[in-house]
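Work through the following exercises with the structure in view, and try each task before reading its solution.

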Amino acid sequence: MKLLHAAVLSTSLWLAACATPPAPSSETPPPAAAAPASQARPAASAAAVIPTGPLTPIAPADIASQGVTLLQPPADLWERIRRGFAMPDLQSDLVRQHEQWYATRPDYMQRMTERSSKYLFHIVEELERRNMPTELALLPFIESAFNPQAVSSARAAGMWQFMPATGRDFELKQNVFRDDRRDVLASTRAALDYLTKLHNMFGDWHLALAAYNWGEGSVGRAIARNQKTGLGTSYTDLSMPNETRNYVPKLQAVKNIIANPDSFRAELPVIGNHPYFQTVTLTRDMDVKLVARLADVSVEDFKALNPSMKRPVILANGTPQILLPWDNATVFKRNFEAYDAGQFASWTAWSAPATMSAAEAARRVGMSEADLRTVNAIPPRMLIKAGSVLIVPRTARMNHDVANHIADNGQLNLAPERVTRRTTVKAGKRDTVRSIARRYRLSAAQVADWNDVGASAAFKPGQRVVVYLPVRSAARVPGRMVHKASTAKGRKGKAAPQRRPARSKRAR
């Protein structure tokens, strides 16, 4: 009995010690551990409360007012997206029209959602990390149907549809090797940076989205106009182009379908709530085909995760990180370490030392003109300007990885070839070699050579003067023109100087 009494007394003392609050400390309490990214965010966040005095009972009203973190993880990524919806709903006839449009095109919805399965987890992770509404993960459905290779008529590119200038503003590299507007990681980072900036400017997600589509300047001016006339300044109050007027309703329609697919008889593909890909760092320049082979993925699947690549080689100094499906990344690392079958890259970069034709460039680097044009996407009738960077085969003389400054900044600059035609014009009073050259934007040396005279010579009134002009310019020569010849022979039976055409200031 005494033993039992002692045990009860010890237990009582231990419970009393647990209920006693700790003594105040001058040390700063450690920060609370961050919740896992996959865990849903509470409806309303509040600062942590650390008791410093005697404990008091918690009233039922206090319990009801606190946000509760769900213990059950989302079943799939769609559920995780639904839990993060935080933007006010838009109710309008336009929303219902777009709901109807999407709901009556199940094949289109299926293609879009299946395509999104590679990228959505990363986007949702980034949104939650920034505490942004997860509706924004659906924005690429509206922008590009989740096609990272999409290009608009206005030259916006990628699944987030960045214009070239806006992309440069947000540090998206656009060079001869890659276009980061299509890069999954870089473009998502830039898009969320831009949307955050717009939300900070306008304080409203609908206005931020309108500015993403229409431009912040246009939205700002529309708000200012309404303020002057005493009208409202919300998204639905502003006068805007039809594309922008339909922009948020389209997003709302997709949100409604994702929120309740059964109501729209929509079937969403299962997307697991886990990463689809992981990053792998390259230490050598490598052919795209070799990377895909070592990773045991098809070239098409590799390009779907790495859509920014514009050439058949990946440069370690320009694109050190690539994306591979989660399990294939391990396969690639193992196969890369064991690879001993030769060089990693069969291509390198070459800078054109002068402006030249594609045929001349191909001759210098030992390629056929057709292959040079194909691998570098050079259209017909274009000259390669001096300093342009081209992809060419590696040789014993050029067997090094591409330097960082070329990999980051290399550009291919082209100029139209100028097809010339032998044209004869009548000299006027006081015409000289220099005045004729000035009139037709030629050099005096060329005009003198074509007419076997000195560079300071003068022509007699009515004298026929030979010039070689671009075809379009030759057709517009004023009334002094007396003869046009499109034959291959020029003055005194010499071949017309088409291999060294006269170039205007613009061509220079």
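Two strands count as paired if DSSP finds at least two bridges between them. The structure used here is a predicted model.

**Exercise 1. Find the bridge partner of Leu 383 in β9, and describe the sheet to which β9 belongs.**

Step 1. The bridge partner of Leu 383 in β9 is Ala 415.

Step 2. Strand β7, which covers residues 382-384, is joined to β9 by three bridges, and the two strands run antiparallel. Since pairing requires at least two bridges, the three bridges between β7 and β9 meet the requirement.

Step 3. The open sheet consists of three strands in the order β6-β7-β9, with antiparallel pairing. Its edge strands are β6 (356-357) and β9 (414-416), each of which pairs on one side only.

**Exercise 2. Classify the ring pair of Tyr 194 and Tyr 212, and state which parts of the chain the pair ties together.**

Step 1. A pair of aromatic rings is described by the distance of the centres and the angle of the planes. In this model the count comes to 12 aromatic pairs.

Step 2. The ring centres of Tyr 194 and Tyr 212 are 5.5 Å apart, and centres within 6.5 Å are required for a pair.

Step 3. Tyr 194 belongs to helix α9 (residues 184-202), whereas Tyr 212 belongs to helix α10 (residues 205-214), so the pair ties together parts that are 18 residues apart in sequence.

Step 4. Tyr 194 is buried, with a relative accessible area of 8%, and Tyr 212 also counts as buried, at 10% relative accessibility.

Step 5. Tyr 194 and Tyr 212 are linked by ring pairs with Phe 162 and Phe 170 into a cluster.

**Exercise 3. Are Tyr 339 and Phe 344 buried or exposed?**

Step 1. The cut-off for a buried residue is under 20% relative accessible area. Tyr 339 has 17% relative accessibility and therefore counts as buried, and Phe 344, at 12%, counts as buried too.

Step 2. Tyr 339 and Phe 344 form a tilted aromatic pair, with 5.2 Å from centre to centre and 40° between the planes.

**Exercise 4. Which charged residues lie over the rings of Tyr 235 and Phe 85?**

Step 1. Over the face of Tyr 235 lies Arg 245, at 5.8 Å from the ring centre.

Step 2. Over the ring of Phe 85 sits the charged end of Lys 255, 5.1 Å from the centre of that ring.

Terms used. Residues are numbered from 1 along each chain as its sequence is written. This is a predicted model: local features need pLDDT of at least 70, side-chain atom pairs count only at pLDDT 80 or more; totals for chains, interfaces and linings use all residues. Side-chain values use heavy atoms; hydrogens and water are left out. Rings of Phe, Tyr and Trp (its six-membered ring) pair if their centres lie within 6.5 Å; planes under 30 degrees apart count as stacked, over 60 as edge-to-face and the rest as tilted. Helices (H or I, at least four residues) and strands (E, at least two) are DSSP runs, numbered from the N terminus. Buried means under 20% relative accessible area, exposed over 50%, partly exposed in between (1.4 Å probe, protein chains only). A charge sits over a ring if NZ of Lys or CZ of Arg is within 6 Å of the ring centre and within 35 degrees of the ring normal.
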